Amino acid sequence: MYTKRIIEAARWLAIALALAGIVAFYRHFQTASHTTVALTLLLLVLVLAGNWGLRFAVGASLAATLLFNYYFLPPVGTLTIADTQNWVALFAFLGTAIYASHLAARIREESEDANARRRESEMLYRLGRQLLQPENVGQLLNYIPSSVANSFNSPAVTLYICDGDRIYLSDPKRISSPNIPWSATEIPGTVAYADRTRAEIVADLREAMMLPIFRSPVGGLPTAIPLRIGVRPSGALLLEGICLSRETMEALSGLVSMSIERAEALEDSARSEAAKETERLRTALLDSVTHELRTPLTAIKASISSLLSQDALLDSASQKELLTVIDEESDRLNHLIEQAVEMAQLDARKVQLDLKPLRVADLVNAAVDESRLANPAREFRVSLSSSLPLVLADAGWIHKVIANLLGNAIKYSPAIAAGQAPPIHVTADRQGDTVAISVADRGAGIDAIEQSMIFDKFYRGQGQRNRVSGTGMGLAIARAIVSAHGGTISVTSQLNHGSVFTFTLPIARPS
């Protein structure tokens, strides 16, 4: 306030000096006409109105009229006027100066108002972009107060949501109350703050939420902006230390309300989509399990019915064949149940991994030797660097992963003809903080559309599901095992040229 008075006094002094300078200048040049003097004084008045406002311009107009009468209208040196035309000129000057001051001041105010609206529009635009960043309602509600405070240069912003009486602050040390000046609630522990319970503050915020109109700051109170979704009040926004136009407050209220409503709608949509996807996966899983269980059970049932039939006269070879079918299908059924149990345990994170530093060569060679023993006609080519670091892994579970990838490579590679079949390649190399182990075959390959789905439970390729037996659980189990180790698994494939399955394991760090 003291500085404002000094500035105002300095402006009045500058006006007095300017008027005195104009009078002294034209008194020195006796040839100057009255019109020139009047226009010069009028120009000064217009400059003052355009820069300092109407009050200074009107004061300068009255002073200029007296000076013009005293120093330039005859009789010079008195405040009387001898000629009637000079009276007309004097009042015309005064009227012109005051009216021009009014117009200039009005233009200045409108210009300032337009600039203020432009700045507020820029603030709203900046705020709107910031409110698009949070991904859910919880993040958005915590983000709104600080974003509003930064966009509108407010020292503190309080957001109140009536659902659950939740309060969010841009500054944890300052909570705004619509009925107490913000300076009194600046620091927790002051008398004004300590005497008010949370229930009392919430009651005040509810009162602000129910305001029919927006309230600009009065007597140090914060700007109170009610938030509404449709016609239903949903909360309030309190801004300290700033004054906004009604239009900007309405726009701010709408922007914040719509951002909250949008985030809630997106969350509801995401939950709905997740529920639909869960139901779809549950249905697909049930169908797949039913199909996979029904196939071996049907074969077992048919074989047993044939053996028990009194009408069928079966020789020993036929009986042995049916018993073989029962045995194979029972093994298949048992294998399916074991895989389903493993998958359930991995999904529920009920598997305890025995992680130890292990050599990659030991893991790979153990699985390859087992595959060679079961498939002696197949050729396996192992290429491992001698400088591979130790990996942190559970030997038993990783053995399952490698064995599964090798088994798939054997099943989906071309059949052995005349003792010849494309070799299966197993390689490993270091990739940053992990070791990548790859199994490559020269099989039929996987269509690009299906490459992202083959790791799903019970999914099998469209072109292979009827040609090659399987449960569709192997790759899903492999992905779950690798994920539990903190690694990733992926496939690179091209139709008719084979596939490369690669999974990574973390490098074991010294204790």
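Buried means under 20% relative accessible area, exposed means over 50%, and partly exposed lies in between (1.4 Å probe, protein chains only). The legends below use these words for a predicted model, in which local features need pLDDT of at least 70, side-chain atom pairs count only at pLDDT 80 or more, and totals for chains, interfaces and linings use all residues. Residues are numbered from 1 along each chain as its sequence is written, and side-chain values use heavy atoms, with hydrogens and water left out.

**View 1. Leu238, a buried residue in strand S4.** Leu238 has a relative accessible area of 0%, so it counts as buried. Its strand, S4, covers residues 232-239; strands (E, at least two residues) and helices (H or I, at least four) are DSSP runs, numbered from the N terminus. Look for Leu169 too: 69 residues separate it from Leu238 in sequence, but from C-alpha to C-alpha the gap is 9.8 Å.

**View 2. Ala203, a partly exposed residue in helix H7.** Here we're in H7, residues 198-209, where Ala203 sits. Ala203 counts as partly exposed because its relative accessibility is 43%. Asp165 is 38 residues away along the chain, with 9.5 Å between the two C-alpha atoms.

**View 3. Helices H11 and H12 packed together.** H11 (residues 395-412) and H12 (residues 474-484) pack at about 145°, their axes 9 Å apart. Axes are lines fitted to C-alpha atoms, for helices over the stretch in contact, and angles run from 0 to 180 degrees between N-to-C directions. On the H11 side, the contact (heavy atoms within 4.5 Å) includes Trp397, Val401 and Leu405, while H12 brings residues including Leu475, Ala478 and Ile481.

View 4. Leaving out residues up to four places away in sequence, Phe503 touches Ile398, Val401 and Val482, among others.

View 5. The protein chain averages a pLDDT (the predictor's confidence in each residue, from 0 to 100) of 76, and 76% of the residues score at least 70. Over residues 182-195, the pLDDT is below 50, and the stretch has 21 contacts in the model beyond near neighbours in sequence.
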